[in-house]
Amino acid sequence: MACISFKAPARAAQAESYNFAAGPAMLPQAVIEQIREELPDWQGSGQSILEQPFTGSRFRALMEQTEADLRQLLAIPSNYRVLFMQGGASAQFALLPLNLLAPGQSADYLESGHWSSKAILEARRHAPLNVIASSAGNGFQAMPPRHQWRLDPNAGYCHVTSNETANGLQMQHFPDLAVPLVADMTSDFLTRPVPIERFGLIYASAQKNLGIAGLCLVIIHEDLLRLPRPGLPSPFSYTLQAQQQSRLNTPPTFAIYCTALMLHWIQNQGGLVRMAAASLEKSTHLYDFIDASPLYRCRQRADDRSRVNPCFHLNDDRLLEPFFAQAEFEGLHNLRGHAAMGGIRASLYNAMPLAGVERLLGFMAEFERRHGWA
């Protein structure tokens with residue numbers, strides 16, 4: 001039988017294509033080139049990074065340097081531990097109450113969008129929860145304002161999602177609470193400086209701003225490390241992983257290597273201050289265009305709009321599929337919104353250059369003109 005292959009249609013000639021996927025996200029070209037160069041023979045070892053034993057001196061040194069670079073970028077105090085956990089942020093939805101709460105103890109959760117809702121559903125399987133405020137009533141078009149929060153002073157922790165990837169919302173300020181503040185920062189981790197000392201724990205999957213899928217970073221205050229609950233598997237215990245420098249079991253070695261490269265890249269770009277300035281510039285250009293357009297609209301409250309995952313819609317939904325098809329043809333990939341939300345989403349993570357946003361805006365303006373909305 002003849003072999004059948006698929007050949008994608010040729011697209012318009014462009015200098016470069018851009019990946020606006022929410023994750024796994026695009027990597028800087030310099031990082032991809034370094035991976036390609038080092039993959040067959042890492043550090044002159046005669047072995048690929050894919051073959052390095054995690055107990056060996058070379059890989060242990062890589063993990064130590066990666067943690068040191070992360071600590072420097074975020075100014076992480078010495079009384080916080082950094083864990084390199086397997087899996088994504090969704091795994092932490094269950095691991096948080098199992099690691100941080102005593103049996104029967106409750107936790108506070110802020111419901112601000114799709115991912116915080118999923119975190120609440122999963123955590124409720126393991127502990128009693130108190131939803132301190134929710135913006136579900138307005139379709140998650142704004143973050144619940146601070147004055148609406150109904151906090152429990154006896155809660156084991158208060159969980160927030162700093163950036164709602166599917167809804168295009170972002171927390172711009174973090175409160176100083178009486179209970180440990182726990183944050184899912186997966187989407188906007190390392191896009192801006194954050195006051196680490198206000199948090200009991202931060203967790204973030206790596207596939208947005210820190211490399212590839214398979215790794216979740218956890219930054220946890222030492223006071224929250226306690227004996228694991230009976231029945232909690234050892235690899236899922238924050239305390240046991242901290243005791244073993246995240247090598248209780250085989251860590252995601254290649255993902256950690258990619259994160260090491262991304263941390264160096266961020267440092268070379270100017271650190272988190274520069275990342276924050278670039279994030280603001282890119283998102284402002286996009287939102288200003290949308291707000292002035294008769295075809296595009298952003299439903300999110302202006303003060304709560306995400307700088308890394310702008311979500312927007314067309315005033316004529318019949319144009320959505322032509323929009324996606326023509327964008328792909330022009331080398332502007334993965335602009336389709338989250339399946340639960342619909343619409344358009346342009347993820348502007350650290351690796352997305354301003355040139356990519358400018359290309360997108362040029363396409364959007366031409367699409368608007370061609371379809372009679374200009």
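Two strands are taken as paired if DSSP finds at least two bridges between them. In the predicted model, strand β12 (residues 311-314) meets this criterion with β14, to which it is joined in the antiparallel sense over two bridges. Cys311 has Arg345 of β14 as its bridge partner. Both strands belong to an open sheet of three strands, ordered β11-β12-β14, with antiparallel pairing. β11 (296-297) and β14 (344-345) are the edge strands; each has a single partner strand, so one side of each is left without a neighbour in the sheet.

A second open sheet is built from seven strands in the order β2-β10-β9-β8-β5-β3-β4, and its pairing is mixed. The edges are formed by β2 and β4, each of which pairs on one side only. From one strand to the next the twist averages 20°.

Strand β2 (residues 80-86) pairs with β10 in the antiparallel sense over seven bridges, and Val82 has Ile219 of β10 as its bridge partner. Strand β9 (residues 199-205) also runs antiparallel to β10, and five bridges join the two. Here the bridge partner of Ala204 is Leu217 in β10.

Strand β5 (158-161) is likewise covered on both faces: Cys158 and Val160 on one side, and His159 and Thr161 on the other, are all buried. β5 runs parallel to β3, to which two bridges join it. Asp108 stands opposite Cys158 in β5, and Tyr109 stands opposite His159. The pairing of β5 with strand β8 (residues 181-184) is also in the parallel sense, over four bridges. In that pairing, Val182 of β8 is the bridge partner of His159.

His159, placed in strand β5, has a relative accessibility of 0% and therefore counts as buried. When neighbours within four places in sequence are left aside, His159 is in contact with Leu96, Asp108, Tyr109, Leu110, Ala119, Val182, Asp184 and Tyr203.

Helix α4 (residues 114-123) has as its buried residues His114, Ser116, Ser117, Ala119, Ile120 and Ala123. These residues pack against α3 (89-100), β3 (107-111), β4 (129-134), β5 (158-161) and β6 (163-164). Helix α4 lies across β3, β4 and β5 and runs at about 150° to β3. Ala119 of α4 is among the buried residues of the helix and is also one of the contacts of His159.

The axes of α3 and α4 come within 8 Å and cross at roughly 45°. The two helices are therefore oblique to each other, and their crossing is right-handed. On the α3 side the contact is made by Ser90, Phe93, Ala94 and Pro97, and on the α4 side by Trp115, Lys118, Ala119, Glu122 and Ala123. By residue class, the contact of α3 with α4 comprises six nonpolar residues, one polar and two charged. Ala119 and Ala123 take part in this contact and are among the buried residues of α4.

A further helix pair is formed by α8 (residues 320-329) and α9 (residues 354-370), whose axes come within 11 Å and cross at roughly 135°. That angle makes α8 oblique to α9. The crossing of α8 and α9 is right-handed. Pro322, Phe323, Gln326 and Ala327 of α8 meet Phe363, Met364, Phe367 and Arg370 of α9. The residues of this contact divide into six nonpolar, one polar and one charged.

Key: Residues are numbered from 1 along each chain as its sequence is written. This is a predicted model: local features need pLDDT of at least 70, side-chain atom pairs count only at pLDDT 80 or more; totals for chains, interfaces and linings use all residues. Side-chain values use heavy atoms; hydrogens and water are left out. Axes are lines fitted to C-alpha atoms, for helices over the stretch in contact, and angles run from 0 to 180 degrees between N-to-C directions. Angles under 35 degrees count as roughly parallel, over 145 as roughly antiparallel, 65 to 115 as roughly perpendicular and the rest as oblique. A crossing is left-handed if the near helix is turned anticlockwise from the far one by less than a right angle, and right-handed if clockwise. Contact means heavy atoms within 4.5 Å. Ala, Val, Leu, Ile, Met, Phe, Trp, Tyr, Cys and Pro count as nonpolar, Asp, Glu, Lys and Arg as charged, and the others, Gly among them, as polar. Buried means under 20% relative accessible area, exposed over 50%, partly exposed in between (1.4 Å probe, protein chains only).
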